[in-house]
Amino acid sequence: TAEDVIEISAHGSLALVSEIVQAAVDAGARLAEPGEFTLRAFLNGRVDLVQAEAVADLIDAVTPLQARVAFDQLEGTLTRAIGSLDRELFDLAARLEASVDFPEEGYHFIAPGEASDILRRVRDGVDALLATAARGRVIREGRQIAILGKPNVGKSSLFNYLVGTDRAIVASSPGTTRDMVTELDQMFRLLADIR
């Protein structure tokens with residue numbers, strides 16, 4: 001959080017920890033709100049918005065793949081990629097501005113054709129990030145898929161095969177699976193691989 005923090009280590013006794021917390025509250029402390037440490041870290045410039053959102057994604061992760069992607073974001077993977085593109089554009093703008101401001105000095109701050117090369121490289125970088133966005137959204141949010149068909153044609157069997165476990169009831173009598181059946185872990189992996 002970039003703020004002063006005191007950490008108290010205690011035995012795992014719930015009664016002891018409750019007493020310590022109560023003593024702190026009696027002395028003027030208050031319990032943190034959900035997400036408060038992440039908010040403070042963001043407000044104090046310790047993490048950016050992408051990283052702050054990654055904390056929530058990491059907490060909400062259902063699959064190892066979701067957790068790994070959220071942890072990468074928390075480590076600054078996307079932030080560094082965007083920062084690199086931003087630095088290239090900032091440098092280009094500064095060099096173009098200097099060329100316009102000081103033409104009579106005879107300095108060439110940018111070679112002919114170099115601006116278009118830099119802009120092409122930045123555009124390609126943005127395109128590469130956008131190309132991964134769809135896969136990231138599937139990993140983060142999942143997809144809703146409906147398996148439709150007449151009674152007893154194998155919808156539940158297909159579902160069980162896709163998720164790799166006997167999640168839906170399979171029986172010879174029609175209408176056995178009347179409620180919505182969901183499975184997150186294996187389906188997330190399957191859909192991420194398909195994408």
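These exercises work through salt bridges and a surface patch in a predicted model.

**Exercise 1.** Classify Glu36 and Arg40 as buried, partly exposed or exposed, and describe their pairing.

*Solution.* 
- Start with the contact. Glu36 and Arg40 form a salt bridge, with the closest N and O atoms 2.8 Å apart.
- Apply the cut-offs. Buried means under 20% relative accessible area, and exposed means over 50%. Glu36 has 11% relative accessibility, so Glu36 counts as buried. Arg40, at 28%, is partly exposed.
- Widen the view. A network of salt bridges links Glu36 and Arg40 with Glu3 and Arg30.

**Exercise 2.** Find which helices are joined by the salt bridges Arg121–Glu88 and Arg95–Glu114.

*Solution.* 
- Take Arg121 and Glu88. Their closest N and O atoms are 2.8 Å apart. Arg121 sits in helix H6 (residues 114-141) and Glu88 in helix H5 (residues 77-101), 33 residues apart.
- Take Arg95 and Glu114. Their side chains meet at 2.7 Å, N to O. Arg95 is in helix H5 and Glu114 in helix H6, so this pair ties together parts 19 residues apart in sequence.
- Arg121 is partly exposed at 45%. Glu114 is partly exposed at 24%.
- The whole structure holds eight salt bridges.

Definitions and conventions. Residues are numbered from 1 along each chain as its sequence is written. This is a predicted model: local features need pLDDT of at least 70, side-chain atom pairs count only at pLDDT 80 or more; totals for chains, interfaces and linings use all residues. Side-chain values use heavy atoms; hydrogens and water are left out. A salt bridge is a side-chain nitrogen of Lys or Arg within 4 Å of a carboxyl oxygen of Asp or Glu. Buried means under 20% relative accessible area, exposed over 50%, partly exposed in between (1.4 Å probe, protein chains only). Helices (H or I, at least four residues) and strands (E, at least two) are DSSP runs, numbered from the N terminus.
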